[in-house]
Amino acid sequence: MENNVLIEMRNIRKTFPGVVALDNAQLTLRKGEIHALMGENGAGKSTIIKCLTGVYERDSGDVFMDGVEGNIHNHSTMDAQNIGIATVYQEVNLCPNLSVAENLFIGRAPTNRWGAVDWKTMNKKAQKIMDDLDIQVDVTRNLENYSIAIQQMVAIARAVDMDCRVLILDEPTSSLDDKEVEKLFRLMRQLRNKGVGILFVTHFLEQVYEVCDRITVMRNGQFVGDYTVAELPRVKLVAAMLGKDFDDLAAIRKEGTGKEEGPVCVGCKNMSHKGTIKPFDFVIHKGEVVGLTGLLGSGRSEMVRCIYGADRSQTGEEKMNGKVIHIHQPLDAIKLGMGYLPDDRKAEGCIADLSVKENIILALQARQGIFHRVSEAKQNEIADRYIRELSIKTPNRDTPISQLSGGNQQKVILARWLATNPEFLILDEPTRGIDIGTKTEIQKKVIELAEQGMSVVFISSELEEMLRTCSRLYVMRDGQNVGQITDENGPITQEEVMQAIAGGDKS
């Protein structure tokens, strides 16, 4: 290894049944640097970290660490901790009901000659640790009294006091506001100056260019490249993450036609949700397909959740058909004529133990209420209609949805919302993880619904299908709606979208 290298991972391979999660992956972390690990969902970022920290055993490949002899095989997170590798996750894994000092010294509290905890010494040591890191807290107070940002800093301070040389921060800023992020960055810079190597996993481009020295990009479980921040402009970083090369960025003809000139269906002004999405404006016209584009974590899903009421907005105003509406929960949205297909169909969409029919009529029954049950005959009629219209491959309407393929499950959830005949339909990653044929069917269905007057929000990580389906795109970056792109002057191109995602940096 080079003199300045702390960690070197070479040719790492990790497989799960039927899935190659990492293939020839690489990562090099140097002393006294903040190193961003970047990649879209499924790129392999979490897997390579877990192979390093002992959560997973790698199938093959080599891991070397400065000062540790031979090829490292961490069999547990404790093994990693013992050689100086610490990880702080987005969800702080400390004990909120204990004091800051107790959290700092869990499992290693100083004791007196009778074997009891020496509280005075522990509190004094804890206060010194926090003061040295310029973290202003009272260490005798319970951790739950402090913000998520402070809790993360306590977790970092604990790692530092345990002589960590490698600090892995996994999405630490997702729940923080701007001031809290700046506090965290100050602490990261302090640690970098002390020679700690920091691996920073994030989706926020602005933060990478504000605090990081180097960037490793992964895609589809493979190593794409290791760059200094200075040599990788934002637009090239986006291209590397998405696997696009500007030599082949051509305009793609959109099959549908936009209807932006129609009356407004839904309009939002200055809406926001603390910790996830900054104040935004949004307008969609009747019969229009509007896309939300941006990298994973940019705020696409958070924005639609706020509009739909899955996350209740703290600021702003929302109108539907010109009237102010108040959505306190998703059921309010359903009753107003909205539908929402979430991005995680397994966790938030499918009810695995219910049949295809029961899954399809779920939202309609919720809208009508428990005292107005949808009759069995009507349920059968609705289920059969959408099984036919959407070509859902199922033995029959009473088959458990868990027995269907992913693509057919997705069609069932789409049918659920179509059965409510919504005016406004949100589709968040409706084609993720399904075959090309089904993707095409869903895209055509979206355009058909718009032609019938439905207003559709379409979110996808695949630029090509966004350009085929949408007449207008809102651009999301770092939890903020930063502008929009329209097809008024000709078809929207991939290059336009990627430049906008990257922040207009063309160099």
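Start by selecting tyrosine 340: is it buried or exposed? Tyrosine 340 is buried, with a relative accessible area of 7% (buried is under 20% relative accessible area, exposed over 50%, partly exposed in between, with a 1.4 Å probe and protein chains only). Before you click on, note that this is a predicted model, where local features need pLDDT of at least 70 and side-chain atom pairs count only at pLDDT 80 or more, while totals for chains, interfaces and linings use all residues. Residues are numbered from 1 along each chain as its sequence is written, and side-chain values use heavy atoms, with hydrogens and water left out.

**Aromatic pairs**

Searching the whole structure turns up five aromatic pairs (rings of Phe, Tyr and Trp, the last by its six-membered ring, pair if their centres lie within 6.5 Å; planes under 30 degrees apart count as stacked, over 60 as edge-to-face and the rest as tilted). Pick phenylalanine 16 and tyrosine 56: ring centres 5.2 Å apart and planes at 70° make this pair edge-to-face. Phenylalanine 16 sits in strand S1 (residues 5-16) and tyrosine 56 in the loop between helix H1 (45-53) and strand S4 (60-65), so the pair ties together parts 40 residues apart in sequence. (Helices, H or I of at least four residues, and strands, E of at least two, are DSSP runs numbered from the N terminus.) Phenylalanine 16 is partly exposed at 30% relative accessible area, and tyrosine 56 is partly exposed at 24%.

Tyrosine 308 belongs to helix H9 (residues 300-308) and tyrosine 340 to strand S15 (residues 338-341), so the link spans parts 32 residues apart in sequence. Tyrosine 308 is buried too, at 3% relative accessible area.

**A charge over a ring**

Next, select arginine 141, which lies over the face of tyrosine 146 at 5.4 Å from the ring centre. (A charge sits over a ring if NZ of Lys or CZ of Arg is within 6 Å of the ring centre and within 35 degrees of the ring normal.)

**Two helix pairs**

Show helix H5 (residues 148-161) with helix H6 (residues 178-193): they pack at about 10°, axes 10 Å apart. That makes H5 roughly parallel to H6 (angles under 35 degrees count as roughly parallel, over 145 as roughly antiparallel, 65 to 115 as roughly perpendicular and the rest as oblique). Axes are lines fitted to C-alpha atoms, for helices over the stretch in contact, and angles run from 0 to 180 degrees between N-to-C directions.

Then bring up helix H12 (residues 356-368) and helix H13 (residues 376-389), whose axes come within 9 Å and cross at roughly 105°. H12 and H13 are therefore roughly perpendicular to each other. Residues making the contact (heavy atoms within 4.5 Å) include Ile360 and Leu364 of H12 and Ile382 and Ile387 of H13.

**Last stop**

Finish on helix H17 (residues 494-502), where the buried residues include Val497, Met498 and Ile501. The buried residues of H17 pack against several elements, among them helix H7 (205-211) and strand S12 (289-293). Glycine 503 follows H17, with a positive phi near 100°.
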